[in-house]
Amino acid sequence: MNTTKRGFAYQLWDFFCSLRLSIFLLIGLALVSIIGTIIPQGNPPQEYLQTISETKFKLYQQLGFFDMYHSWWFILLLYFLTLNLICCSIKRLPRVWKIISEPVLVMDDRFETSLSITRDVKMTGAAASIKDQIVSFLKQEFAEPVVTEVNGEYHLFAQKHAWCRLGVYVVHFSIIIVFIGAIIGSFAGYKGYVNIPEGGSISRVVTRNGKAVDLGFAVRCEKFSVAFYDTGAPKEFKSLLTVLENGQPVAGKQNIPVIVNEPLTYKGVTFYQSSYGPSDEGASYHISVKNRKTGAATQITARQGERVALPGGAFLSVMEGTADVRPFMKDFDGPGAQVEFTPPGGQPQPFVILGDKYQSFNEQHGGDLVLTLASLDQKFYTGLQVAKDPGVLVVWLGCALMVVGICMAFFMSHKRLWARVTDGSVTFGGSASKNPAGFELSFDELMQKLNKG
Amino acid sequence: MNALLFSSTLVVYVAATVVYLSYLVKPRDVLGRVGQGLVAVGFLVHLGFTLNRYLVAGHTPITNLHESLSFFSLAIVGTFIIFERRYRAAILGSFIIPLALLILVLSIGFSNGIMPLNPALKSKWLFVHTVMAFLGYAAFAVSFAVSIMYLIQSHFLKKRRLGSLFQKLPPLDILDEISYRCLTFGFPLLTFAIISGAIWAETAWGTYWSWDPKETWSLITWFIYAALLHGRLTTGWRGRKAAWLSILGFVIVLFTFLGVNLLMSGLHSYR
């Protein structure tokens, strides 16, 4: 009973230590990750039902395909990978540690044959004097050697960058740190979204899970502005935000410009510029109305959707408008509005009016009147992504460790040199943990230097 | 100026491709040297084109498919020059240069206008993130080409067809080593690109990871190459098996780069 139990534990340990499991998990994770890039994630059910049948929908829902990267089986695969790399590291680390801390100091004949690079060099003098020469040479050109005397022969050993062998384990460890950061974020943080109209403020955020979170402070949107390139493509979205504590602005957190790539952080909560739109209030349009015959001009102000009486019995309502028509009308700029003009006793006529730069354009419509859009006051709301993630710093720590570990593991090599000194000759041996061809070149250079010196 | 530099690059690469392909048919050393010279000239002109565009646009010129395909091609040629010098194997050019040319030709298919930057791209991470990603992709591309050479060479050995091409192709263990060396550059670069992307996403989108198709596919690429690197630690995953996996890896790289941009919508849909 006891032996089978122990046998099972060993089998389990071996299973989690195996490199085959790592490869299986890596390829498995790669394959299943594809699902979530083909099936859209997190859409409302109606949208899925438009493209797939109900049985398929239910099946996919059961399998968690609509939020696949948070499904139990995907998380389980990640836990297996973590367990696997912990076990692999525990199993292999002591062996690697031994190579670093207890290096082979003496190159005997058997060890020599196991090395891929060896050279014999003839030198004049007795073993002891050659030894001193080689020691100072290695100290200068490579690293300080350890000298061991065995039966009148001197054995020298020198090494460089031994600790880079730990790089792999630093990377493994860093992945665990990143996972820990992600777990902290998922339990202690939240992500949400708010719209704040210009002049308005909020103190609660509804998270993606539908929970309302009290911020403990308020954020006011002082102003929102959007700028466009000549092509009509958006150039910059900018919100001016003020943080309020108990209704009072917080010093140093007033009128902070928030643009994409430059968020505002206060008390661990970060606000990111994400979207914008016209606020519910609608815009006010300042329109100048000129009589074609008399030349008499008046100014009127119309709210969006409001029906306004014009001189001479006509009516006007503004359907919608924009401060910059470039994205909608090629070769035009400035303000523009879609209006519905009703001449006295006539049918409503829809058309577009522009700024005073485009008089001839505006003169095409309006019967007896010429309508020009002088300006508009557009009120916007700003759409902000709100996130609190106390795990982010842990994730960055993991990433930094990963960069260090990867540099150690891929760009550095543990180089070792042995020398056996006898009367009149030295035998060198060398090995490197990476790029043996490159090491052989530098090994030969070292030998040439020794011959010249 | 920009258009002239681009078409000059194209002409030189076409010439280099012709020379390297004839080298494949008739492996004369002089052809290898001519190809080498042409590639060096082509690379410099191409680099000039890229720098000129950087100055004209005022930002890293890797913001749409035209620019990124061109930079990908430049990175492949640069990586090729380094490896060709190191391993003194002109025949590498017969496989890599046509690939670089093909990618540059593909870039013609996309609008070459210099577009103003959209707000999300206005960041100092644009340079770091895109350059790392494409240098990594280039290393994977060279590994892909070398893996194909490996499979051809091992086919020759199996069939005992030891002709002139066999003589020119490096021995199997050297090809395996070059392919592996490429991965030891490609994998770290891909990792750095993903990390810098995460930092950028955190400041731009408010989350360091959002399972956007581009993020997910770059992670898939990372998983595959991680599997390949770990596979090499066990016996039996070197040589042919590693070559096939490297080819598969590069197909996934191409999908991560082009497939995601063209077929999937997401935060990275830059055309």
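Reply: Helix 2 of chain B crosses helix 3 of chain B in the left-handed sense; a crossing is left-handed if the near helix is turned anticlockwise from the far one by less than a right angle, and right-handed if clockwise. Helices here are DSSP runs of H or I with at least four residues, strands are runs of E with at least two, and both are numbered from the N terminus. The model is a predicted one, in which local features need pLDDT of at least 70, side-chain atom pairs count only at pLDDT 80 or more, and totals for chains, interfaces and linings use all residues, while side-chain values rest on heavy atoms, with hydrogens and water left out. Residues are numbered from 1 along each chain as its sequence is written, with chains lettered from A and ligands numbered from 1 in the order in which they are written.

Helix 2 covers residues 29-57 of chain B, and its axis lies 10 Å from that of helix 3, at an angle of about 145°. Such axes are lines fitted to C-alpha atoms, for helices over the stretch in contact, and the angles run from 0 to 180 degrees between N-to-C directions. From helix 2 of chain B, the residues that meet helix 3 include Val39(B), Ala40(B), Phe43(B), His46(B), Leu47(B) and Arg53(B). On the helix 3 side, the partners include His66(B), Glu67(B), Phe71(B), Leu74(B), Val77(B), Phe80(B), Glu84(B) and Arg85(B). Contact means heavy atoms within 4.5 Å. By class, the contact of helix 2 with helix 3 of chain B has ten nonpolar, seven polar and four charged residues. Ala, Val, Leu, Ile, Met, Phe, Trp, Tyr, Cys and Pro count as nonpolar, Asp, Glu, Lys and Arg as charged, and the others, Gly among them, as polar.

Helix 3 of chain B also packs on helix 5 of chain B, with the axes coming within 8 Å and crossing at roughly 55°. That angle makes helix 3 oblique to helix 5 of chain B: under 35 degrees counts as roughly parallel, over 145 as roughly antiparallel, 65 to 115 as roughly perpendicular, and the rest as oblique. The crossing of helix 3 and helix 5 of chain B is right-handed. The contact of helix 3 with helix 5 of chain B counts 13 nonpolar, two polar and no charged residues.

Helix 5 of chain B (residues 125-159) in turn meets helix 7 of chain B (residues 172-204), where the axes come within 7 Å and cross at roughly 160°. Helix 5 is therefore roughly antiparallel to helix 7 of chain B. Their crossing is left-handed, and the contact of helix 5 with helix 7 of chain B holds 27 nonpolar residues, ten polar and one charged.

Arg88(B) sits in the loop between helix 3 (65-87) and helix 4 (92-108) of chain B. Most residues other than glycine have a negative phi. Arg88(B) has a phi near 45°, a positive value. Its relative accessible area is 73%, so Arg88(B) counts as exposed; with a 1.4 Å probe and protein chains only, buried means under 20% relative accessible area, exposed over 50%, and partly exposed in between.

As a whole, chain B has nine helices and zero strands. Its C-alpha trace spans about 60 × 50 × 30 Å along the principal axes. Of the residues of chain B, 61% count as buried.

Chain A has eleven helices and 21 strands. Its radius of gyration is 38 Å, well over the 22 Å that the rule gives for 453 residues, so chain A is more spread out than a compact globule. The C-alpha trace of chain A spans about 120 × 70 × 45 Å, and 42% of its residues count as buried.

Notes:
The radius of gyration is taken over C-alpha atoms; the globule rule is 2.2 Å times the number of residues to the power 0.38.
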